[in-house]
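This report examines a protein structure, with attention to confidence, charged pairs, aromatic rings and backbone geometry. The sequence and structure are shown first.

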Amino acid sequence: MRIFWTHQCGRIACFLLAFSAVAPGLWLKGQVPLVSDGIAEVELEDTIEGSWQVAAAERAQAAGLASLAESIYRRLLLREATVNIAQATSLKLGLAKALIGQGRYVAARAQLESVPEDLWDARHGLYLAVALYGEGGPRIDADGFRRALARVKPEELPSGDLPWFSFLEGLDAALQGNPEEARAAFNRAAELAESDELRWHFESLALRQEMRSGPADELMVPELRSRLRSLEGEAAAFPFVREYAVLLHRLGRSAEAVDAIDRELDNNSAGYGGRQRGQLRLLKGLILGAESDAGRAALKELIRSGESRDLMGIALQLLARVPDGDDDLFEFLKVMISQTERHPLLGQMYYLRSQLALRFPDDPEMVALAERDARTLLEQFPGLSSVTNVYRLLAFAALNREPPQYRTAADFLIQLRDQAEAPADLVGLNQLIGDCYFLNGDFANAVDFYTVARNRQLVADANPELFMRLVTAQVRSGALEAAMQLIDEADFSGNISQRNRWRAEWNVAQAMQTAGSVEPALRRIRLLLDESGSGFVDTLLDIRLRWLEAYLSLEAGSIEGLQERLSGLLARLETLPQGELSESAFRLLLTEIRLLRGNALIRSGAASVGIAELKALREQFTETAAAERSYLIEAAFHGEVADYESAQETLIELSERYPESRLAVQALYEAALYCERRGVDYYPDAIVLHNDLAEQYPQDPLYYYARLKQGNLLRAMNDFAGAQTVYENLINQYPAHERRYLAELSRADCLLALAGDEPGESVDAITQLERLLDLPNLPLNFQAEASYKWAFALGRTGRTARAKEVLSLSVAHLMPEPGRAEQLGASGRYWLARSMLRLGTILEEESATEEARRLYRDIIAFNLPGRNIAISRVDTLNEK
């Protein structure tokens, strides 16, 4: 009996080697990599996360945290591969504004001058005018300032920049010697500010302008000094103290100006009120500069002891806008918030600290602090002008959790949406809520919110990014027909640019290819390219679409003219003007087109030329994803022509050359499969390769399957004790693995094989198989196999009645009605047939010939494996 089961286990092991233990999603051919092609994606996650980061930078800027805004913009600009020229321009404008907010006008101007002239807009002119004014000091380039300002059309500015325009009008009036007009414009800028923080900022700018403008006459110093002495100790001295200090500062005698202010502040007999003392402290801070320790100390003292909320607010804004001053401000806010006496600016302090805490998204304590401060704002300061931003702040904090709490973020935004009334706000908030669901992988809900947002927006205000989000969410949710209908409707109505239509079609074609609809995807892309006579499409997208057409052509087997098209694409790419594409984009396109050309040559019969192309690609562009995947394509070719040794060697070279690559583990796994295909003599070598994978990549998902394959190979070599040890280690190491049942069943096979002719030794296998079938959600194929083996083990111990019961239940479960057998895969049909044949044998032994005949006829009717055996048995029964 041992010989029989050993033979059966060897045959079953080979069957499992081919089917059961192969990790889901892997292909032996290797041309379908685990890592998706960089060129074959238009990922939306980066776009969404980028838009959230930009919103965070804008909130920081509005709160006065210009250095925090600067760091966000710089981080986004570093992502060169995912930023096109238009996006880069928008980020540079944001960065320039953040630099202006810190008084770093030269750096701001450098960012603005790096923007291509054809992309200059109203914001560019506005920020350039501010930078020129701030950079020039007393000797401003008035002509350059006015040229930049003349380019600004206020109706083209976002509402948040309108105060800046009014402020620049005031500066222009001051340059022309119209102080009253200038003062009116400065007041208008403060009135247009959308929050207290911004109003205080413009008031501080007006004070600075007052200090910079006006005469600087040395002869006025003795006159003002004499006037001060005559009014010493009187409140009437205040305006002369202020004018005297400003004059000294203009003359470059700042230390004397500060001494004069300190004398007045120390004079307890002076009749100054609290506001006047606050103005002197603010003037002292402005003269010293918030960048200096002494200047910050003066401003902090004003905030600690001041009586005027507006003056303290201006001081807080000056501190917030100090370059590289975030750490110092954070510690100051920490002290002020902890005081028992409630400060008039406590709400603003909580808001600033919550923003500063989010500088450290990887620090759970900081993220938690940001959330606590934001919740405090909602509970204790509901009337704060910036309170609506608190919901966004809480949502952003939830997104920065590890792992991100997308649904929590969506809930905060829904609360904010419920308070909104303006149509534009409702559109934006529904889009943000959709973003949260999109990032969470809940594409169906994302579609719902994006649809609401799109239905609410006016045609004139249509947001192309919202269209892209909706199409992509539809594609990801499997609603391909809805996505194609949306694209076609937008194209027919003219509500979509050609560029955005191409981007949308790209995603649709990718989804169709993934779903196996290669030829329909190819037809749609070719139709799109045939219609490309009008409208602007940037070079990168155009070449990507043409690459995709070539890629789909190869997948569909339509290779006529393919080499010529690929060579034409390469020639076009290599003759592009320098700078039209970023270096990373150029390198990506070049390597992917060459990879595709090598693959096409192999598929068209010119294998040696194609492999030479792949090898040249590896040598010239070693550190690219295309170079890595070229090994998979070459190995696939060797495998298709049954040169398994070369396929194995190619994949091992990939794993050794790129040990840190995500493809290295796949390469080792497939190398072991090819080694196994070389024959039984190479099974030990295949075991070694699987062991190498397990030792080098113990955290990779393929670890489980590599160990499982080791056990299966040992079984195929009749080393059942060694295989049993492998399976038991896997079961203990991964008790909750989704495919634990494979190891459990394989261990039972080993127990049965080792039991041999001793029925008593099969008890453990019977117990394990019975327990295994009690597990929930077992695949039908697996249930069929486990049921047969359980019945087999029962039969070996003489429990034929129980074996009959198990087989009857299994057959009844797997074939309750016509059509159920067709739901089984090849392995399930095989084991179902064996169960039916074994049950038929038992029924014949019990003389239940009619029931046995019905079973055999079902095997014949459903064309199950063993059909000829069933026909023979029916014939035999009919002869009796």
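## Conventions

Residues are classed by relative accessible area: buried means under 20%, exposed over 50%, and partly exposed in between, with a 1.4 Å probe and protein chains only. Helices (H or I, at least four residues) and strands (E, at least two) are DSSP runs, numbered from the N terminus.

The structure is a predicted model, in which local features need pLDDT of at least 70 and side-chain atom pairs count only at pLDDT 80 or more, while totals for chains, interfaces and linings use all residues. Residues are numbered from 1 along each chain as its sequence is written, and side-chain values use heavy atoms, with hydrogens and water left out.

## Confidence

The predictor's confidence in each residue is given as pLDDT, from 0 to 100. The chain has a mean pLDDT of 86, and 91% of its residues reach 70 or more. Helix α33 (residues 644-657) has the highest confidence in the chain, at 97, whereas helix α1 (residues 2-18) has the lowest, at a mean of 35.

## Salt bridges

A salt bridge is counted where a side-chain nitrogen of Lys or Arg lies within 4 Å of a carboxyl oxygen of Asp or Glu. The whole structure contains 50 salt bridges. One of them joins the side chains of E613 and R594, with an N to O distance of 3.1 Å. This pair links distant parts of the chain, since E613 belongs to helix α31 (residues 607-620) and R594 to helix α30 (residues 583-603), 19 residues apart. Both E613 and R594 are buried.

A further salt bridge connects the side chains of E770 and R802 at 3.9 Å, N to O. E770 is in helix α39 (residues 763-772) and R802 in helix α41 (residues 800-814), so the bridge ties together parts that are 32 residues apart in sequence. R802 also forms a salt bridge with E805, where the closest N and O atoms are 3.1 Å apart. E805 and R802 are 3 residues apart in helix α41 and therefore separated by about one helical turn. The relative accessible area is 35% for E770, 24% for R802 and 40% for E805, which means that E770 is partly exposed, as are R802 and E805.

## Polar contacts

A polar contact is a pair of N or O atoms within 3.5 Å; within protein, one must be able to donate a hydrogen and the other to accept it, and residues adjacent in sequence count only if both atoms are side-chain atoms. R469 lies in helix α24 (residues 464-476) and is buried, at 2% relative accessibility. Its side chain makes polar contacts with the side chains of S51, at 3.2 Å, and D435, at 2.8 Å.

S195 occupies the loop between α9 (179-192) and α10 (196-212). With a relative accessible area of 12%, S195 is buried, and its side chain is joined to that of E197 by a polar contact of 3.3 Å.

## Charges over rings

A charge sits over a ring if NZ of Lys or CZ of Arg is within 6 Å of the ring centre and within 35 degrees of the ring normal. The charged end of R544 is placed over the ring of W506, 4.7 Å from its centre. R618 lies over the face of Y631, at 3.9 Å from the ring centre.

## Loop residues

A556 is in the loop between α28 (539-555) and α29 (562-574) and is partly exposed, at 26% relative accessible area. Leaving out residues up to four places away in sequence, A556 touches V518, E519 and L522.

Most residues other than glycine have a negative phi. N718, which is not a glycine, has a positive phi of about 65°; this residue is found in the loop between α36 (702-716) and α37 (720-733) and is partly exposed, at 45%. S847 likewise has a positive phi, near 70°. S847 lies in the loop between α42 (826-845) and α43 (849-861) and is exposed, with 58% relative accessibility.

Methods. Contact means heavy atoms within 4.5 Å.
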